[in-house]
Amino acid sequence: MSYLSVHSIVIETRPKRMELDSALEQLGHWGKFQLISYGLLCVPIVFHAVFYLTYVFTAMDVEHRCLIPGCEDPLQTEFRPAWLTDAVVPFDNDRPVGCYRYKTAPGAVLPDNKSCIASMFTAEEEACTEWVYPKPEVSIKSEWNMTCDDSDWKLTMVGTMNNVGRFFGMPIAGFVSDRYGRRTILLAGLLLAGIMGMLRSYAPNYIFFLAFEFLDPLFNAGLYSASFILGMELMGPQKRVLWSAFTHSVYAVGEAVLGGVAWALQDWRWILRAFYGPAVLSIAVLWILPESVRWLCSKGRTKEARAIIRRAAVMNKMPTKQMDLEEMQASIAEEAKAKKAFKDDYKEDTPSTYWALKETFKSKILLVRLLTCSFCWMTNTFVYYGLSLNSVAVAGNLYLNFMLVCLVEVPAGLVTWLLMERVGRRASMCSSLVLTGVACVAFIFIPDSGGLVWVRIATYLVGKFGITVSYTVLYVLTAELFPTNVRHSLFALCSMIGRLGSVIAPQTRLLARLMESLPMILFGSMSLASGLLALVFPETHNTKLPDNIEEAENIGKPAKKGDAPAANGGSGGLAGVVVDDLKGGDRVPAPVKKTSVAARPTRTSVTARNKKTSVCSLGSVQVTVPEKSSSPTPASSPTSPTSPEAAPPTPSAEPETVTVHL
């Protein structure tokens, strides 16, 4: 039996109040209030998916050829007339070369039927000055003649600039969301992004377009994360995993909607207007969306939080008396006060984050883990977005291909959670990355003609399915690998390095100019390499989140012989607590019959032998101890009578459950 030997410990008893999670559970998960809220949150999620990938179609690479003066009218052209193959322009793989044409022979006369013939041209080539594009597809390339020498890098720069704007916009969105509220960032983000998008649709030149391509994601970067967090904070703890899978599916559907609208309009200006205009108008509907109750409570705005829960109870046809809102408000206020005290105490007694990071980097195990994790993040973002962007270059209908590549994420997101629970994090990530690598390599060897076109497309979809599973697992695995005091910092570092992959992904179009299969070779090789490196990670399924460097290093290692087992990987429960006899000053063991830990940060100061020890903030432990009788008889007291008649036995009282704040 182990004891917590202290000189004095404060034990507080208080009536049970209604906690926020209890209130949310009583409200239910599928009432009218929740369904309306979830439906409204789908709106910014869909818009965020659309805003992120509009550059796939606005900066789409469009086939082009030289305009042949004297042979065709610039206002009435056909992209591949019958006379085009008669030595008028050079061809490459049955496609007209887009930047050169043959020079017109001196004295050549256009025939009466206006059909150019080979005798009108020489074998010498010259650069084009005007171009012809297939109709009706219109992108910034065809509208501003971004062809030949300056076309490739200008078009790929649009996607890179979009990701750079998102890179800077995410921390800003997080700050605004935590400071001013989730609903605020949703409304402000939609409004500002809608204005930026509408202005971009009227761009007169490339520079203007590129500037607003940066400003748009700078403002809309927080739409998905704020919607995701707000939905989680409206739910009870048991339904949050379901919400995660649901939002991922909604996001994929939003991407597919973009492909369908682009297919119908095929004009980059109207594609932007079709989405950004309704985004601004949607604010009128989203205005009724409630603010996060948890965020309001954390800011001490308990009256507003209580009003939202009261409104939810009315909409769900629940009696407000049943919710015990007065008790809940008192509990929330008390919780906020305890958290504030905990933060103040934490600042005094906890080492700085800089010191914790410095110590972490001294650990070879964690340093190798950090480098491996960063490479896996870069691989996942690079391959995930690279496959989405390059889907429009796969043989077949480019719009249909894009929609299929997006919709395959729906089953992938749902399967991920099953895999993580059944086979674990490491095996799920390793197998999904290897699957992606094999699919990308196999795609290269499948011809894009004949009856194998759909086999080629299916192989491409398997690759996107695998990288989606891996990407989802990586979010969970990264959060479980590192110690608590540096977890967020190292997670952010891995994610930031990983964003380099999404910045580089749009540039893979340039690699295809050198060799058509080069992007897929790169996707496949990086996926296979990351899949093998994933074996370096320890398995974190059903393990306790590490709180310090030693615990993080010991993840996946077999327990030492003699260690006491603990629930959830903990260090074991208390078998007893030594509590001072407040009257006689003697220390007697109080056996603990029941223990439970609540995740509730509190502050306690423990004094051991007239010396104040360090403050330990772990939460609150509920223990059941026997109630003292009115005339206690310590067994070890030297003044106690030795005769049984001196102290008649007192019937034991009923045990009392108290809360010890640790």
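1. Which residue lies over the face of phenylalanine 443? It is arginine 456, at 3.9 Å from the ring centre, where a charge counts as sitting over a ring if NZ of Lys or CZ of Arg is within 6 Å of the ring centre and within 35 degrees of the ring normal. Arginine 200 likewise lies over the face of phenylalanine 209, at 5.7 Å from the ring centre.

2. On provenance, this is a predicted model, in which local features need pLDDT of at least 70 and side-chain atom pairs count only at pLDDT 80 or more, while totals for chains, interfaces and linings use all residues. Residues are numbered from 1 along each chain as its sequence is written, and side-chain values use heavy atoms, with hydrogens and water left out.

3. For the aromatic rings, the count comes to 17 aromatic pairs, where rings of Phe, Tyr and Trp (its six-membered ring) pair if their centres lie within 6.5 Å, with planes under 30 degrees apart counted as stacked, over 60 as edge-to-face and the rest as tilted. Tryptophan 144 and phenylalanine 209 form an edge-to-face pair, with 6.2 Å from centre to centre and 75° between the planes. Because tryptophan 144 lies in the loop between α4 (140-143) and α5 (151-180) and phenylalanine 209 in helix α7 (residues 206-220), this pair ties together parts that are 65 residues apart in sequence; helices (H or I, at least four residues) and strands (E, at least two) are DSSP runs, numbered from the N terminus. Elsewhere, one aromatic cluster is formed by Tyr52, Trp377, Tyr384, Tyr385 and Tyr471.

4. Phenylalanine 209 counts as buried at 0% relative accessibility, the classes being buried under 20% relative accessible area, exposed over 50% and partly exposed in between (1.4 Å probe, protein chains only). Arginine 200, which lies over the face of this ring, is buried with a relative accessible area of 0%. The side chain of arginine 200 also meets that of aspartate 216 in a salt bridge (3.1 Å, N to O), a term that requires a side-chain nitrogen of Lys or Arg within 4 Å of a carboxyl oxygen of Asp or Glu. Since arginine 200 lies in helix α6 (residues 182-201) and aspartate 216 in helix α7, the pair ties together parts that are 16 residues apart in sequence. Aspartate 216 is buried as well, with a relative accessible area of 0%, and salt bridges that share partners join Arg200, Glu213 and Asp216 into one network.

5. The structure holds 8 salt bridges, and among them is one in which the side chains of aspartate 61 and lysine 141 meet (2.4 Å, N to O). With aspartate 61 in the loop between α3 (55-58) and β2 and lysine 141 in helix α4, the pair ties together parts that are 80 residues apart in sequence. Aspartate 61 counts as partly exposed at 32% relative accessibility, whereas lysine 141 counts as buried at 1%.

6. Another salt bridge links glutamate 124 with lysine 103, the closest N and O atoms being 3.1 Å apart. Glutamate 124 lies in strand β6 and lysine 103 in strand β5, so this pair ties together parts that are 21 residues apart in sequence. Glutamate 124 is partly exposed, with a relative accessible area of 47%, and lysine 103 counts as partly exposed at 28% relative accessibility.

7. There are 2 disulfides in the structure, each being a pair of cysteine sulfur atoms within 2.5 Å. In the disulfide of cysteine 66 and cysteine 128, the sulfur atoms are 1.3 Å apart. Cysteine 66 is in strand β2 (residues 65-66) and cysteine 128 in the loop between β6 (121-127) and β7 (131-132), 62 residues apart. Cysteine 66 counts as buried at 0% relative accessibility, and cysteine 128 is buried with a relative accessible area of 9%.

8. The disulfide that joins cysteine 99 to cysteine 148 has an S to S distance of 2.1 Å, and with -120° about the S-S bond this link is left-handed. Cysteine 376, by contrast, has its closest cysteine sulfur in cysteine 373 at 6.5 Å, too far for a bond.

9. Threonine 381 is placed in helix α17 (residues 364-390) and counts as buried at 0% relative accessibility. Its side chain reaches the backbone oxygen of methionine 378 at 3.1 Å, and the backbone oxygen of glycine 498 lies 2.4 Å from a polar atom of the side chain of threonine 381.

Conventions. A polar contact is a pair of N or O atoms within 3.5 Å; within protein, one must be able to donate a hydrogen and the other to accept it, and residues adjacent in sequence count only if both atoms are side-chain atoms.
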